[in-house]
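Please consult the sequence and the structure shown below.

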Amino acid sequence: MPLLIDVRKLTLITELIQDGAEEVAGSLAALAGVDASVEIKSLSFVQPDDIAAEMGTGEIYSARVRLTEPPYGVFLMTFSTATAAEIAELMTGTEVDDGFTQLQESALQEMCNILTSGFIDGIANTLEATIDMGTPTVEQAETTAVTDAALSHVRRDSLTIVLDSLVDIKETDVAFSLRIFLVPDPGSFVHLIDQLDRDVESGKPTNADTADVEELDMSGDVQAFEDAFGED
């Protein structure tokens, strides 16, 4: 059954994503001493079964964590092996040769902690809530193994938000791409978005009109997001 969502609230989801990206930049500066900007390049909706196709084939790195408070679900961040090496080198100041040293592996884990917690904290701040999470599991594996592990307990009717982001480290030539899959519990997520609903002019909360609730086609991009996050 398609997920029902108030079409007027797409901009509120956009706000959540933007605030998450801004929090990541702040966390990088505060916790890693890295001055960076985080740009959301694109955002789309897919069904959980389509995540593997979005990832492509081959080995990738991933960091995943389950959310134990609303909106529940899974936060999954993926990046290439080349990006993993860039992050390790940035954090340690040492080159990656035939494999990661223990120091480089620890640095990669720490960066994933910062990126994951920063993004989730940004969403939580906008929701005026707390979202409890553990330490993300970081691993290198085939894309099929990554999706199997991350989505083993995810409802098949879940809404999956996919965003491509670019972390640009200022005053360096380093800029790495991250792909994030946010797979919240559908009922919990829609309820949280309902709490964000407000009148555009007054800023006061307002109830949704059921006439404005439409089926969201998750098989393709939502045009509102494409307009907001399209390539420059």
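## Salt-bridge network

Glu-54, Asp-164 and Arg-179 are linked in a network of salt bridges, a salt bridge being a side-chain nitrogen of Lys or Arg within 4 Å of a carboxyl oxygen of Asp or Glu. The model is predicted: local features need pLDDT of at least 70, side-chain atom pairs count only at pLDDT 80 or more, and totals for chains, interfaces and linings use all residues. Residues are numbered from 1 along each chain as its sequence is written, and side-chain values use heavy atoms, leaving out hydrogens and water.

By this rule there are four salt bridges, among them those tabulated here.

| Salt bridge | N to O distance |
|---|---|
| Glu-54 and Arg-179 | 3.4 Å |
| Arg-179 and Asp-164 | 2.7 Å |
| Arg-64 and Glu-139 | 2.7 Å |

Glu-54 lies in helix H2 and Arg-179 in strand E7 (residues 175-183), so this pair ties together parts 125 residues apart in sequence. Helices (H or I, at least four residues) and strands (E, at least two) are DSSP runs, numbered from the N terminus. Glu-54 is partly exposed at 30% relative accessibility, as the term covers values between buried (under 20% relative accessible area) and exposed (over 50%), with a 1.4 Å probe and protein chains only. Arg-179 is partly exposed at 21%.

Beyond four places away in sequence, Glu-54 touches Val-46, Val-162, Arg-179 and Phe-181, contact meaning heavy atoms within 4.5 Å. The C-alpha atoms of Glu-54 and Phe-181 are separated by 9.9 Å.
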